[in-house]
Amino acid sequence: MTGQPVALITGCSTGVGLHTAVRLAEAGHTVVATMRDPGKQQALLDACAAAGVSVEISLLDVCNQGSIDAAVTDVIARHGRIDVLVNNAGAGFLGSVEQTGDADLRRTMETNFFGVWNLTKAVLPQMRAQSSGKIISVTSVGGLLGQPFNEAYCAAKFAVEGMMEGLAPLAKQFGVDLCLVEPGPINTEFVASVRATSAAVLASLQEPYATLAQRYMGSTGDVFATYGQTGDEIARIIAALATSASPNFRTITSEFAKAMVSSKVVDPTGNSVIKIFAERLKG
Ligand SMILES: NC(=O)c1ccc[n+]([C@@H]2O[C@H](COP(=O)([O-])OP(=O)(O)OC[C@H]3O[C@@H](n4cnc5c(N)ncnc54)[C@H](OP(=O)(O)O)[C@@H]3O)[C@@H](O)[C@H]2O)c1
């Protein structure tokens, strides 16, 4: 390869995506930082100016196949290659199975799973032709452990985990590395966005769910305050994977997250995980 590696990142208006765009630019990538609403680009431009780097900003809504195809075609037309895809865009939803309507379920799956599937599918032919590339997907501890009131979100993140674990050995045959980044809590815009999207459901909760949700959200707030990482910490991890000659498939991003996940691995009955979250629902 001659010239700078080219990175395409989704969801760069805020949080992990914004910081990843800056960190990859600092690491010498040509960064195509995408967002579904380019009207939100000012925060990224300010962060780039502060870091003394520049990125290209373009439109990409991961829920829209036309938008995916246009963005990928444009990057290949202008740069001739795609070396790194960061599947970062994501959105949560709070509500248990009984309160999750079809539209909320489908939007959650479209954003967190189908978007990843369709964008990965769109870049793979180019990466195969290059015989190289990295596809780094931000899932979550919620892609390894189911969590109450997050059934739709966890289902979507589990789906990404299954997809990528299946694809990774095959992609390796073509010189393409796949990586999963699995954070626990991160203090970004995420929680506020989830609460806004789920406001109607949360406001209409009846007993026994209302009390359980209140307890769960209270204890989860404590967890974010105590153990939450910053968007930039996750971005540095993504940048390290993007620049590694032999990146690990799976990166659980904090000791707190590793401890949670290990309870699943060491207990084949699955009871330990249920206990962790049942505790958070207790008064
Ligand atoms: N924050 C956490 O506690 C946490 C924990 C584990 C994993 N994660 C995962 O980390 C990733 C980054 O989240 P974050 O914490 O940085 O949250 P964030 O600040 O809310 O950022 C999410 C980004 O995704 C974008 N997005 C949402 N729907 C989109 C769509 N249809 N097309 C394109 N972009 C879309 C958002 O754009 P808009 O500004 O237009 O909404 C925003 O740029 C997500 O995959 C999330 O699931 C987060």
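This is a predicted model: local features need pLDDT of at least 70, side-chain atom pairs count only at pLDDT 80 or more; totals for chains, interfaces and linings use all residues.

Colleague: Which of the 30 residues around the ligand come nearest?

Modeller: Those are G11, G15, A89, G90 and F190.

Colleague: And which helices each supply at least two residues of that shell?

Modeller: Helix 1, residues 15–26, and helix 6, residues 190–197. Helix 1 gives the largest share, with three residues.

Colleague: OK, zooming out. How many helices and strands are in the protein?

Modeller: Eleven helices and seven strands. The radius of gyration is 19 Å, close to the 19 Å from the globule rule for 283 residues, so the protein is as compact as a globular protein of that length.

Colleague: What does the C-alpha trace span along its principal axes?

Modeller: About 60 × 40 × 35 Å.

Colleague: What percentage of the residues is buried?

Modeller: Buried residues are 41% of the 283. As for contacts with a separation of 6 or more, 76% of them are between residues 24 or more positions apart.

Colleague: Switching topic: where is S13?

Modeller: S13 is in the loop between strand 1 (6–9) and helix 1.

Colleague: Buried or exposed?

Modeller: S13 counts as buried, because it has 21 C-beta neighbours inside 10 Å and the cut-off for buried is 20 or more.

Colleague: What does S13 touch, not counting residues up to four places away in sequence?

Modeller: L18, M35, D37, K40, A43 and L44. Q214 is another story: S13 and Q214 are 201 residues apart along the chain, and their C-alpha atoms are separated by 30 Å.

Colleague: Now the backbone. Which peptide bond is cis, with omega near 5°?

Modeller: The one from E207 to P208. P208 is in the loop between helix 7 (199–203) and helix 8 (209–227).

Colleague: And why point that out?

Modeller: Because most peptide bonds are trans. S131 has a positive phi near 60°, and F149 has a positive phi of about 65°.

Colleague: Where do those two lie?

Modeller: S131 lies in the loop between helix 4 (102–130) and strand 5 (133–138). F149 is in the loop between strand 5 and helix 5 (151–173).

Colleague: Is S131 buried or exposed? And what about F149, buried or exposed?

Modeller: S131 is exposed, with 9 other C-beta atoms within 10 Å. F149 is buried, with 29 other C-beta atoms within 10 Å.

Colleague: Back to the loop between helix 7 and helix 8. Where is L205?

Modeller: L205 is in that loop, between helix 7 and helix 8. With 20 other C-beta atoms within 10 Å, L205 is buried.

Colleague: What is L205 in contact with, leaving aside neighbours within four places in sequence?

Modeller: Q99, A210 and A213. L205 and G95 are 110 residues apart in sequence, with 8.8 Å between their C-alpha atoms.

Colleague: Last one: where is G221 found?

Modeller: In helix 8. G221 has 13 C-beta neighbours inside 10 Å, so it counts as partly exposed. The C-alpha atoms of G221 and V191 are separated by 9.4 Å, and these residues are 30 apart along the chain.

Colleague: Great, that's what I was after. Thanks!

Notes
Residues are numbered from 1 along each chain as its sequence is written. A residue is near a molecule or strand if its C-beta atom, placed from the backbone, lies within 6 Å of it. Helices (H or I, at least four residues) and strands (E, at least two) are DSSP runs, numbered from the N terminus. The radius of gyration is taken over C-alpha atoms; the globule rule is 2.2 Å times the number of residues to the power 0.38. A residue is buried if 20 or more other C-beta atoms lie within 10 Å of its own, exposed if 12 or fewer, and partly exposed in between; C-beta atoms are placed from the backbone. Two residues are in contact if their C-beta atoms, placed from the backbone, lie within 7 Å.
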